[in-house]
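Visitor: Could you take me through one part of this model up close? I'd like to look at the place where the two chains meet.

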2 protein chains.
Amino acid sequence: MNKKIKIPEPTIERLPLYFRCLSEFKKNDVAIVSSEEIAVHTGLKASQFRKDLSYFGEFGIQGLGYPVSHLLDRIAGIMQLNKKHRAALFGAGNLGAALLHYPGFANWGFKFTNVFDNDAEKVGQKLGELTIENIASLPRMLDVSIGILAVPANVADETSRLMVKCGIKAILNFTGTKLSLPEDIVIRNVDLTNELAILIYYLISRG
Amino acid sequence: MNKKIKIPEPTIERLPLYFRCLSEFKKNDVAIVSSEEIAVHTGLKASQFRKDLSYFGEFGIQGLGYPVSHLLDRIAGIMQLNKKHRAALFGAGNLGAALLHYPGFANWGFKFTNVFDNDAEKVGQKLGELTIENIASLPRMLDVSIGILAVPANVADETSRLMVKCGIKAILNFTGTKLSLPEDIVIRNVDLTNELAILIYYLISRG
């Protein structure tokens, strides 16, 4: 019964949206929502929401809707959002600094424990509450599984290999570079250019 | 025949991936690719690629594959990536500075023409090649349709309304705030927390 089934990636990608939407309903003391209400707030289809949830079990109450608190807890459980997660930041430039201060990260239980840079002028300085460490002091085992890669593209590859040597198992890659790492390393590439390209498509197709 | 059909949003969201992948093939002087090769390089399914393309016409050559250059031109045309696009940046903090220097934007034909902030210490200073302007000098009509919103969340709403008064029609919203704007304004919300949440899901489900 509990045999592990593979959840499609687009479903996983929508879970944070549902989580955020349900959090809003909870904040407004809504106890039960319909999939149609979720659809209106997320901009997704109600049928999509129902199908996505079906991968994780039965949540709806026939003829009533979905119990907000329960569903919120379940999604948080599935995504481990109810745990604290520690991450190390590689690259203390503008993007790194922006990520370190990004309010959403702290709100969702993420905490930066280390920040590294190769710039002698930055090393030893404070970034938020952390002191910037020299990347040349690595590799050593870091007590984190998650690394945020925000270095310039030309050092992305070597930095990512260094991260793996420090015990990092999952990398959020902002460099726009395709990383070549062992199969067991989880990589998520964030490319902000895509978002701008998509925005422009919709701008033009409406115009 | 040329009746406009609605392209599903996920298809639009995949076009930049195809574009990037095809650009790589072209750089390596590959003239024809199969949908299976595209699948290997993008991590998507070959059937998905073929279905996505079918919305835009016939591209494949039976038994051969897809002509790289032609397909690249078509996608660039669909997404208007072959045009120059001008954008104004609102918020000259770490995130704004990171976005202004984000190499991908310039590579894809995006150009920032203005940058605004409300911090008296920043106004008049240079950010890249631009001089930071006082946001209090707005509204006035700006010669751009695209605005990048990178201000703190607590001023996101008022800043977005100001952007609309300046003639901005499309907003890339990095504030994590849901904006309330007229229906005809195109909004694309970028939430980096989602990406980190998805990364953690895959990290844990592999472990």
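**Where chain B meets chain A**

Guide: Between chain B and chain A, eight residue pairs are in polar contact, both residues of each pair being at pLDDT 80 or more. Keep in mind that this is a predicted model. As for which parts of chain B do the touching, the elements that give two or more residues to the side facing chain A are helix H1 (9-27), helix H5 (94-100), helix H6 (103-107), strand E7 (146-149), strand E8 (170-173), strand E9 (186-189) and helix H8 (192-206). The top contributor on that side is H8(B), with 15 residues.

Let's stay with that helix for a moment. Thr193(B) sits in helix H8 of chain B, and it counts as buried because its relative accessibility is 1%, where the cut-off for buried is under 20%. Leaving out its neighbours within four places in sequence, Thr193(B) is in contact with Tyr102(A), Gly104(A), Phe105(A), Trp108(A) and Phe110(A).

There are charged pairs here too: the rule finds four salt bridges across the interface of chain B and chain A. One of the salt bridges pairs Arg20(B) with Asp191(A), with the closest N and O atoms 3.0 Å apart.

Now step back to the whole contact. Chain B puts in 57 residues and chain A puts in 57 residues. The area buried between the two chains is about 5,300 Å², and carbon and sulfur atoms give 71% of it. Of the interface residues of chain B, 100% are also interface residues in chain A, so the copies meet through the same surface.

How are the copies arranged? Chain B superposes on chain A by a rotation of 180 degrees with 0.0 Å of shift along the axis, at an RMSD of 0.0 Å. That is the relation of a two-fold axis. If you want to find the axis from the chain B side, go to Asn94(B): among the residues of chain B, its C-alpha comes closest to the axis, at 2.5 Å.

One last thing to look at is the nonpolar packing. The largest nonpolar core has 114 residues, and those with the most contacts inside it are Met79(A), Ile148(A), Met79(B) and Ile148(B). Take Met79(B): not counting residues up to four places away in sequence, it touches Ala197(A), Ile198(A), Ile200(A) and Tyr201(A) in the partner chain, along with Ile12(B), Leu15(B) and Pro16(B) in its own. Apart from that core lies another, of 19 residues, including Val144(A), Val151(A), Leu162(A) and Cys166(A).

Technical notes: Residues numbered from 1 in each chain as written. Chains lettered and ligands numbered in written order. Predicted model: local features only at pLDDT ≥ 70, side-chain atom pairs only at ≥ 80, totals over all residues. Heavy atoms only, no water. Least-squares fit on C-alpha atoms with pLDDT ≥ 70 in both. Contact = heavy atoms within 4.5 Å. Core = buried A, V, L, I, M, F, W, Y, C linked by side-chain atoms within 4.5 Å. Buried < 20%, exposed > 50% of the residue type's maximum accessible area, 1.4 Å probe, protein only. Buried area = accessible area lost by both parts, 1.4 Å probe. Salt bridge = Lys/Arg side-chain N within 4 Å of Asp/Glu carboxyl O. Polar contact = N/O pair within 3.5 Å; in protein donor to acceptor, adjacent residues only side chain to side chain. Helix = DSSP H or I, 4+ residues; strand = E, 2+ residues; numbered from the N terminus.
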